[in-house]
Structure formats: structure tokens, C-alpha cells
Amino acid sequence: MRGRQLSSFLERAIRSKRRVLIKGRPGIGKSDIVGQACTALGADMVLFHPAISDSTDFQGIPVLGKDGDGHFVPFKQMAKLCRATMPTVAFLDDIGQASPAVQAALMQLVLARAVNGTTLGPEVVFIGATNETGQMAGIAGMIEPLKSRWDTIVELEVSTEDWSDWANVAGMPVELVAFIRSFPQALSEFKPTKQISNSPSPRGWASVGGWMNDGVRELEVWAGAVGEGRAAEFYAWLDLYGSLPSLDSIIADPVNSIVPDKPSALYAVATGLGRKANTGNLDRVTRYLGRMTKEFEILSMRDALRVDKKILLCPAGVAWATRNAEVLS
């Protein structure tokens, strides 16, 4: 399931209080997508890290009452779940790394919504995330009684399109988004290794984008996030990006500005114009885009809409939508 599909699916699952376990490679955005679904619904999210938890974190602390009877008292996040009166997601992140004792403590909680006399609020729903075994992520597996308690187990797939949409809204550098679109295989090349080094992943490229936004453009720093090979390719690709006509010059003269012929350059220009388009310059932007192949014209306008959904309401936007009604339908 792609990221956009998963986010929409999780919204439906949370509304209907269905338990969902998400699996996938490290660094591909599982936790972020859960957060996005919660934000879209206005739901609270209580984060648990079972990998570093003790079974008492879920069972509660045993205490002796005044009547001489013992009982368990929930604390920290569990206490919050017991008091929840609004839609609340109990997110069990990296649950596959938890010890068997912790997984056993979660069995009753996930299914019966109660443990040791502690009952959760009616608005609480469980979502879990885990890597697979064999990915050097410390996953020994999940005990069968806990595995079977999820209403479904879905796998998150990496999508260049979904990552690019997220990156544009998140303010990742235009040149980084254009590079990933030009070389989609570079987005995720997970290679488990005992070496202290990273391979390319959506999380790693987001880190590169963050460093770039902070003004850090050292190759060694980028390599530490996505590996030496892809970092060097991106570093070299920036020379191509720098040789293209400036976006301002294209917008100033959309009729006479050169339209590149290489796909990598087309991705760069289309991505840049999509980020730069607004209601004031859209007429000139669409004039230039109309000289590109339809694939890149639509790509650029889709980016513009992701940044500002109202852009099609201006006269230039209405005119463009009318001309492209068949493509948009």
C-alpha cells in the first residue's frame, strides 16, 4: 500500500476503531504517515516504544490498597489512555523489537482493551508499526497470539510520487525533489549491513534536504545520510541544475525561454516552476508549461496545487483547467 493510500486507509480504520499493524523497511515513513492520519482526523496520538519498555509500563504498578487488597495502577501514557475522551491512537512503534514479555503484556491490552483491571477509554484505537525480520532492525519476530490480534497487517510501499508530494509541501529543496524524480530508484535502496553507514531511504533524503535548508552542502554530511554513491551522484547532478535557465528568467519570458530536451532537466524545470507558481504569475507559468510535453506540464501543475489548492480559481488557473479538462477528469 502506497503512502497516500495508507494514510487514507488509516483514517477509516481509526474512525471505525480497527487495529492495524503496518510493516515495511526502515526509514520509509511509517511513523510519519500515522501522525498525518491523526492530524487529518484531529485525533490525539499517544506514542509507545515497546522496544525499550518494560511489561509493567502496560500492566501498571502493583500497589496495596487500604483494604489490604492489591491492585495495579496505570501510569504515564497508559493513564492517559484510560482517561481518553476524544479519538486517541495508541501508536505502538517498532513493536517487533519488543521482548516476548512485553509482547505478552500487550496481547490482552490490544484485544480486550484492558489489563489487570485497567480499562481503556472507549475512544482509543491501536495502531502498530514494525520492520520485517531479516532487515537487521533487531526484529526477532512477533508472538503469534499478538500477531493474530490485529484486524489486518498491511505493508507500506515506497512511492516516488507520494514522497515528492510530501517533499514539496514540507519545503524540501526543489533540486532534491527534481533529482529523486529523475532517478526514482535512488529514493530507497535498503541494504542491511553491519557497517556504520546508511543506504538511501526516504528518511535519509529528508535529512539531506534538511541539511541543505540549513546551508550545509558538504558531500561527507550528505553521504552520512544516504551513502557515498548516491550522495556523490546528487552532488554532481547539481551542476546540471545550476546550468539551467533560471526560473525567474523563464517566468519573465515564457515564450522565448529554452525548453530543455533531457528528462532530468525537464524534471528540474517542471518541479521548480510548480513550486514557484502563484496566482500572480500563473498565466506566464502555464504559457511556458504549454511548450513542454503534457507529462511534465501536468506534473508541474500538480505540484502547484499541492502547495496552494486555490490556484485554479484565478483566471489563468480556470483557463488552464478548461484546456486540460480531459486530463484532469
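1. Let's start with a helix pair: H11 passes H13 in a right-handed crossing (right-handed if the near helix is turned clockwise from the far one by less than a right angle, left-handed if anticlockwise). H11 covers residues 228-243 and H13 residues 263-276; their axes come within 10 Å and cross at roughly 70°. That is why H11 and H13 count as roughly perpendicular to each other (65 to 115 degrees; under 35 is roughly parallel, over 145 roughly antiparallel, the rest oblique). Axes here are lines fitted to C-alpha atoms, for helices over the stretch in contact, with angles from 0 to 180 degrees between N-to-C directions.

2. A word on what you're looking at. This is a predicted model, where local features need pLDDT of at least 70 and side-chain atom pairs pLDDT 80 or more, while totals for chains, interfaces and linings use all residues. Residues are numbered from 1 along each chain as its sequence is written, and side-chain values use heavy atoms, leaving out hydrogens and water. Helices (H or I, at least four residues) and strands (E, at least two) are DSSP runs, numbered from the N terminus.

3. Now find the open sheet: five strands in the order E2-E5-E8-E1-E9, with parallel pairing (strands pair if DSSP finds at least two bridges between them). E2 (44-48) and E9 are the edge strands, each pairing on one side only. Neighbouring strands of this sheet are turned by 25° against each other on average, direction ignored.

4. Have a look at E1 (residues 20-23), which pairs in the parallel sense with E8 (residues 124-130) over four bridges. Val20 stands opposite Ile127 in E8. E1 also pairs with E9 (residues 152-155), parallel again and over four bridges, and there Leu21 has Ile153 as its bridge partner.

5. Over at E2, the parallel partner is E5 (residues 88-92), with five bridges between them. Here Val46 stands opposite Ala90.

6. Finally, the largest pocket has a volume of about 870 Å³. A pocket is an open set of points on a 1 Å grid over the protein atoms alone where a 1.4 Å probe fits, with protein on both sides within 12 Å along at least five of seven lines; lining residues have an atom within 4 Å of a point. The volume is the space filled by probe spheres set on the points, which are joined across faces, edges and corners. There are 34 lining residues, with Ile28, Gly29, Lys30, Asp32 and Ile33 nearest the centre. H2 gives the largest share of the lining, seven residues.
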